[in-house]
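Have the picture open beside you as you read.

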Amino acid sequence: MILNRSQFRAIAILSLLMVFLFATGCKREKKITGNAYIPRDVFVEVITDMHLMDGITNDMQYFRKFNPGDSIDMYSSIFEKHNVDRTMYELTVKEYSKYPELLDKVYDEVMMNLNLLKDKIEEDAED
């Protein structure tokens, strides 16, 4: 089948329109919401606290002073502090893992929190 000039132009315009609609449709920011999931700001705090807990329990200097007992139960106090449970945490992680760009943004904020804490500790140590 040979296309004439007007048919070719119509197909090209439709193709460009489809590409444009697809590209703009993909740019919508996905938000993870619902009662089954931990709100984003709380999720950031939970992960920040988890990394702090990991740092404390993995450092030999503090390991004997702070032994949480069963390593599986190590995060229970963090979940209680933030009024979430392990199931909510696991569901939230599972949902965020479907959207790596959102998880990257969460971890950027976690890293910023940890760096701010480090800077504050170093500043206090200098005083």
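Predicted model: local features only at pLDDT ≥ 70, side-chain atom pairs only at ≥ 80, totals over all residues.

**Two helix pairs**

Start with H2 and H6, whose axes cross at roughly 55° and come within 9 Å. The crossing of H2 past H6 is right-handed.

Now turn to H2 and H5. Their axes cross at roughly 105° and come within 12 Å, which makes H2 roughly perpendicular to H5.

| Helix pair | Axes come within | Crossing angle |
|---|---|---|
| H2 and H6 | 9 Å | roughly 55° |
| H2 and H5 | 12 Å | roughly 105° |

**Who touches whom**

Which residues of H2 meet H6? They are Arg40, Phe43, Val44, Ile47, Thr48, His51 and Leu52. On the H6 side, the partners include Leu103, Val106, Tyr107, Val110 and Leu117. Sorted by class, this contact has 10 nonpolar, 3 polar and 3 charged residues.

In the contact with H5, H2 uses Arg40, Phe43, Val46, Ile47 and Met50. Facing them in H5 are Tyr89, Thr92, Val93 and Tyr96. Here the residues divide into 7 nonpolar, 1 polar and 1 charged.

In soluble globular proteins, nonpolar side chains tend to be buried together. In this model, the largest nonpolar core has 21 residues, and Val46 and Tyr89 are those with the most contacts inside it. Helices H2 (40-58), H4 (76-81), H5 (86-96) and H6 (100-126) each supply at least two residues of this core. The largest share, 7 residues, comes from H2.

Leaving aside its neighbours within four places in sequence, Val46 is in contact with Ile78, Phe79, His82, Val84 and Tyr89.

Most residues other than glycine have a negative phi. Asn83, though, has a phi near 60°, a positive value in a residue other than glycine. Where does Asn83 sit? Its place is in the loop between H4 and H5. Is Asn83 buried or exposed? The cut-off for exposed is over 50% relative accessible area, so at 69% relative accessibility Asn83 counts as exposed.

Definitions and conventions
Residues numbered from 1 in each chain as written. Heavy atoms only, no water. Core = buried A, V, L, I, M, F, W, Y, C linked by side-chain atoms within 4.5 Å. Buried < 20%, exposed > 50% of the residue type's maximum accessible area, 1.4 Å probe, protein only. Helix = DSSP H or I, 4+ residues; strand = E, 2+ residues; numbered from the N terminus. Contact = heavy atoms within 4.5 Å. Axes fitted to C-alpha atoms, helices over the stretch in contact; angles between N-to-C directions. Left-handed = near helix turned anticlockwise from the far one by under 90°. Nonpolar A, V, L, I, M, F, W, Y, C, P; charged D, E, K, R; others polar. Parallel < 35°, antiparallel > 145°, perpendicular 65-115°, else oblique.
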